[in-house]
Amino acid sequence: MATSNKIIKNFGVMFSAHLISKVIGFFSLVLTTRYLGVEKFGILSFAIAFAGICNVFFTLGLSPLITREISRNKAIAHQYLGNIITIKLILVIVISCLIFI
């Protein structure tokens, strides 16, 4: 019975946090839109969308990979972290150059 109570409690906390996050996001979007106006908000929306697209190329799904691999074998976590950091730095440099071009 304790496990089911813990699951219900955790679900309630997660659901509440998600709901509060959505409500705060909605009101901040409304306030930002009214403050910036149509043209400046369009520029902000483009910048956010562009950053989101670039983020896909910066990460390339490496975060779930490293989470899975470290949970399987914690002994070589430092090696995985070093490799992932190196790969991400190379990706950031290459993609940043492509963006500027």
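These legends accompany several close-up views of a predicted model.

**View 1. Helix α3 from end to end.**
Let's start with helix α3, which covers residues 77–100.

**View 2. Where α1 meets α3.**
Here helix α1 (residues 2–59) packs on helix α3 at an angle of about 140°, and their axes lie 9 Å apart. Are the two helices oblique or roughly antiparallel? The cut-off for roughly antiparallel is over 145 degrees, and α1 and α3 are therefore oblique to each other. Their crossing is right-handed. On the α1 side, the contact is made by Phe 50, Cys 54, Phe 57, Phe 58 and Thr 59. Helix α3 answers with Lys 88, Leu 91, Val 92, Ile 95, Ser 96 and Ile 99. Sorted by class, this contact holds eight nonpolar, two polar and one charged residues. A handy reminder for reading the contact lists: an α-helix has 3.6 residues a turn, so residues three or four places apart point the same way.

**View 3. Where α2 meets α3.**
Next comes the packing of α2 and α3, with an angle of about 170° and axes 10 Å apart. That angle makes α2 roughly antiparallel to α3. Helix α2 brings Leu 62, Ser 63, Ile 66, Glu 69 and Ile 70 to the contact. From α3 come Ala 77, Tyr 80, Leu 81, Ile 84, Ile 87, Lys 88 and Leu 91. By class, the contact of α2 with α3 counts nine nonpolar, one polar and two charged residues.

**View 4. Leu 81 and its contacts.**
Leu 81 sits in helix α3. Which residues does Leu 81 touch, leaving aside those up to four places away in sequence? They are Ile 66 and Ile 70. With a relative accessibility of 42%, Leu 81 counts as partly exposed. For a sense of scale, Leu 81 and Met 14 are 67 residues apart in sequence, and their C-alpha atoms are 29 Å apart in space.

**View 5. Glu 69, a charged residue in the α2 and α3 contact.**
Glu 69 belongs to helix α2, and this residue takes part in the contact with α3. Is Glu 69 buried or exposed? Its relative accessibility is 16%, so Glu 69 counts as buried. Ten residues along the chain separate Glu 69 from Gln 79, and 11 Å lies between their C-alpha atoms.

Ala 2 is exposed, as its relative accessible area is 61%. Ala 47, at 42% relative accessibility, counts as partly exposed. From Ala 2 to Cys 54 the distance is 44 Å, C-alpha to C-alpha, with the two residues 52 apart in sequence. Ala 47 and Lys 88 are 41 residues apart along the chain, with 22 Å between their C-alpha atoms.

How values were computed:
Residues numbered from 1 in each chain as written. Predicted model: local features only at pLDDT ≥ 70, side-chain atom pairs only at ≥ 80, totals over all residues. Heavy atoms only, no water. Axes fitted to C-alpha atoms, helices over the stretch in contact; angles between N-to-C directions. Helix = DSSP H or I, 4+ residues; strand = E, 2+ residues; numbered from the N terminus. Parallel < 35°, antiparallel > 145°, perpendicular 65-115°, else oblique. Left-handed = near helix turned anticlockwise from the far one by under 90°. Contact = heavy atoms within 4.5 Å. Nonpolar A, V, L, I, M, F, W, Y, C, P; charged D, E, K, R; others polar. Buried < 20%, exposed > 50% of the residue type's maximum accessible area, 1.4 Å probe, protein only.
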